Amino acid sequence: MPAKPVRRRLPPRLAAALLLVGLALLPGLVGLLPGMPDPMEQDLLALNMPPDAAHPLGTDHLGRDVLARLAAGTWLTLPTGIGGTLLAAGLGAGIGMLALTLGGVVAGAAYAAFDLLRVLPGTLLALLTAVVLGNGVWPVTLALGLAYAPLFAEVVRTAHAREMASDYVAAARVFGLGRLAVLWRHVLPNLLGPLITLSAIVLPRCIVTESVLSFLGLGVSPERPSWGRMIADASGFVEDAPHAVLAPMLALSALTLGLSLLGEMARRRADPLRREGRP
């Protein structure tokens with residue numbers, strides 16, 4: 001008899017991470033359905049209404065549909081976090097690699113600046129940058145990029161030092177391969193994995209930081225419903241409408257926890273000691 005195909009199950013941690021991310025993004029998908037209310041439409045006759053058939057997640061203190069605002073906030077908070085992560089990776093990895101390529105005083109000055117920025121927590125650095133740049137999606141994205149760029153620069157410095165000290169790079173130099181060719185053929189390909197892993201770890205941090213900035217009034221424009229802005233608006237009406245603050249808080253918690261689990265699994269998978277079977 002032919003052997004039955006073996007069904008491979010997802011690891012429990014991966015399944016839990018995907019479930020959390022899926023639940024967090026579900027309101028955003030529901031918001032794409034036709035017939036959803038306008039997230040900015042106010043109904044002064046339905047203030048702080050509990051969930052019902054017309055409003056599955058209830059209304060807030062201005063009578064706005066919480067589900068519609070949560071859905072709109074999904075497609076604002078998530079892209080802002082992704083944009084901040086990509087900008088941080090581009091700035092940190094790009095400037096770091098360029099500085100290391102030039103070497104000498106340039107590398108020393110660049111990494112002295114990165115080390116100085118790393119002294120401040122990412123949220124505090126983003127907060128200071130947002131104060132200078134003001135509100136809006138692009139200023140917040142830039143603030144996130146500047147806040148987390150030093151992490152990517154440090155990964156580049158560590159990977160560069162490791163690769164340049166490897167035997168195959170020494171052999172390539174013996175055979176006359178130039179510095180730029182060594183970087184292009186040997187260093188850059190081995191940087192991709194660590195950078196992807198770090199991006200998966202930094203993304204939830206950027207999402208939380210954006211929400212903190214919006215909660216403090218320094219994030220996106222006040223009229224746009226990000227999750228942080230929703231929490232800030234509803235925090236003064238917790239006793240009358242706890243659903244209005246719980247919905248964005250649960251979505252934010254589920255998304256950041258799920259992405260953090262994925263980032264941690266990516267880090268473990270990319271760990272060279274784990275690949276070699278060492279304890």
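Me: Where is the place of P79?

Reply: Helices (H or I, at least four residues) and strands (E, at least two) are DSSP runs, numbered from the N terminus. P79 has its place in helix α2. Keep in mind that this is a predicted model, where local features need pLDDT of at least 70 and side-chain atom pairs count only at pLDDT 80 or more, while totals for chains, interfaces and linings use all residues. Residues are numbered from 1 along each chain as its sequence is written, and side-chain values use heavy atoms, with hydrogens and water left out.

Me: Does P79 count as buried, partly exposed or exposed, and how do I tell?

Reply: Go by relative accessible area: buried means under 20%, exposed over 50%, and partly exposed in between (1.4 Å probe, protein chains only). P79 has 40% relative accessibility, so P79 counts as partly exposed.

Me: What does the chain look like as a whole?

Reply: Its secondary structure comes to 10 helices and 0 strands. Of the 279 residues, 41% count as buried. For contacts, look for heavy atoms within 4.5 Å. Among contacts between residues at least 6 apart in sequence, 67% join residues at least 24 apart.

Me: How do I read two helices packed together, say α2 and α8?

Reply: Two packed helices are described by the angle between their axes and the distance between the axes. Axes are lines fitted to C-alpha atoms, for helices over the stretch in contact, and angles run from 0 to 180 degrees between N-to-C directions. Here, the axes of α2 and α8 (residues 227–234) come within 8 Å and cross at roughly 140 degrees. That makes α2 oblique to α8; under 35 degrees would be roughly parallel, over 145 roughly antiparallel, 65 to 115 roughly perpendicular, and the rest is oblique. On the α2 side the contact is made by V66, R69, L70, G73, T74 and T77, and on the α8 side by W227, M230 and D233.

Me: How many residues of α8 are buried?

Reply: 6 of its 8 residues are, so α8 is largely enclosed by the rest of the structure. They are W227, G228, R229, M230, I231 and A234.

Me: Which residues does S211 touch?

Reply: Leaving out residues up to four places away in sequence, S211 touches T77, W227, G228 and L252. S211 lies in helix α7 (residues 179–215), and at 4% relative accessibility S211 counts as buried.

Me: What stands out about the phi of N48?

Reply: Most residues other than glycine have a negative phi. N48 is not a glycine, yet its phi is positive, about 50 degrees. You'll find N48 in the loop between α1 and α2.

Me: Last one: which residues line the second largest pocket?

Reply: On a 1 Å grid over the protein atoms alone, a pocket is an open set of points with protein on both sides within 12 Å along at least five of seven lines, and lining residues have an atom within 4 Å of a point. The lining here is L23, A24, L26, P27, V30, L67, L70, A247, L250, A251 and A254. The elements giving two or more residues to that lining are α1 (12–30), α2 (66–102) and α9 (242–270), and the largest share, 5 residues, comes from α1.

Conventions: 1 Å grid on protein atoms, 1.4 Å probe; cavity = no way out; pocket = protein on both sides within 12 Å on 5 of 7 lines; lining within 4 Å.
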